[in-house]
Amino acid sequence: MSELNEKWLDLRSDTITRPSAAMRAAMNAADVGDDVYGDDPTVNRLQEYAADLFGYEDALFAPSGTQSNLLALLAHCGRGDEYLVGQEAHTYRYEGGGAAVLGSIQPQPIINQPDGSIALADIEAYIKPDDFHFARSKLLALENTIGGRVLSLDYLKQATTLAHERGLATHLDGARVCNAAVKLGVSPRAAVAGFDSVSVCLSKGLGAPIGSVLCGSKPLIAEARRWRKMLGGGMRQAGMIAAGGMYALQHNFTRLAEDHDNAAYFAGELAKLKGIKVSTPQTNIFYVDIPADTCRALNDVLQLTRIRVSMSPHLRIVTHMDASREDIDRAITVFGDFFG
């Protein structure tokens, strides 16, 4: 078997990226301490760097994006409070109902518009009056990017301004906010402007093996730190993984544009094939609508040619730093042979 065919191309997600040799070297050389005591110098540097990069007073390193989002919800809301959130959002749909189960926080799901936004009129309509019959509306939670779609800065300003005028705090699930910033051509600070907190994932397109950072005010992060301990997220010599996150933010931010270009190229070539419908990517995620009765056969062919996808009639494809243009050309050939 050739060297090319020995390599698996994994298009399921950008979470599957592996740390580079340079990132591994940085992790191996990391200075460490006990982070539960606040003594890990590398974790502290990461938190300070992230807070400054995104324009907040403080930041907290957490083992996962699911936990960092949950920490934000728990810090912003109390028992019997509610947060307004899109029906497609990860914090509502894909994170195990943690806010409700662990925080007694009620989600108020609202339909997402085709561009991923929540209509301002819907946000306004779902904010509850100050009446003991209702849960207390405390927080608006948005996501950017959402399903690969980028919310505009103008929309984000309008949504966060509306929330603040109505007495709500704002949180951004920014798992891929770095992709959004690169697509919009703005600074990290500009991409999160108006949000009282933001969760930034380090282990997706940025390529770190683990971790997210939650950014916010000092009081909010102090509360989140307490919740992190209760949720089992307090880690000891965590500098070894924090170093990977620091390397990711410092070296892998701007290169996300390469993933966006590869997605656009990949989608454009697949769109030439008959029998499938391909969305136009804004970042590194796009979708291919495939006839249901061909999914199994296509998946078998992809497996035989060492390409991994999460097969579905509405197939999501994600490009990332471990998927080169040469890899993508190989996948285009496989799809082309199958549908040709």
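Visitor: At about what angle to β10 does helix α13 run?
Guide: This is a predicted model, in which local features need pLDDT of at least 70 and side-chain atom pairs count only at pLDDT 80 or more, while totals for chains, interfaces and linings use all residues. Residues are numbered from 1 along each chain as its sequence is written, and side-chain values use heavy atoms, with hydrogens and water left out. Helix α13, residues 256-270, lies across β9, β10 and β12 (helices, H or I of at least four residues, and strands, E of at least two, are DSSP runs numbered from the N terminus). With axes fitted as lines to C-alpha atoms, for helices over the stretch in contact (heavy atoms within 4.5 Å), and angles from 0 to 180 degrees between N-to-C directions, α13 runs relative to β10 at about 15°.

Visitor: Which strands stand at the edges, each with a single partner strand?
Guide: The open sheet has the order β9-β10-β12, with antiparallel pairing (two strands pair if DSSP finds at least two bridges between them). One side of each edge strand is left without a neighbour in the sheet, because each has a single partner strand, and these two strands are β9 (277-278) and β12 (314-318).

Visitor: Which residue in β12 is the bridge partner of F286?
Guide: Strand β10, residues 285-289, runs antiparallel to β12 and is joined to that strand by five bridges. Within β12, F286 has as its bridge partner I317.

Visitor: Which elements do the buried residues of α9 pack against?
Guide: In helix α9, residues 177-184, the buried residues (under 20% relative accessible area, where exposed is over 50% and partly exposed lies in between, with a 1.4 Å probe and protein chains only) are V177, C178, N179, A180 and A181. Just after this helix, G185 takes a positive phi of about 70°. The elements against which the buried residues of α9 pack are α3 (41-54), β6 (169-174), α10 (188-191), β7 (197-201) and α13.

Visitor: How many residues apart in sequence are the parts that D34 and R236 tie together?
Guide: The structure holds 13 salt bridges (a side-chain nitrogen of Lys or Arg within 4 Å of a carboxyl oxygen of Asp or Glu), and in one of them D34 and R236 have their closest N and O atoms 3.2 Å apart. D34 lies in the loop between α2 (21-28) and α3, and R236 in the loop between α11 (218-230) and α12 (239-251), so the parts tied together are separated in sequence by 202 residues.

Visitor: Is D52 buried or exposed, and with what relative accessible area?
Guide: The side chains of D52 and R189 meet in a salt bridge, at 3.2 Å from N to O, linking helix α3 to helix α10 across 137 residues. R189 is partly exposed, at 44%, whereas D52 is exposed, with a relative accessible area of 52%.
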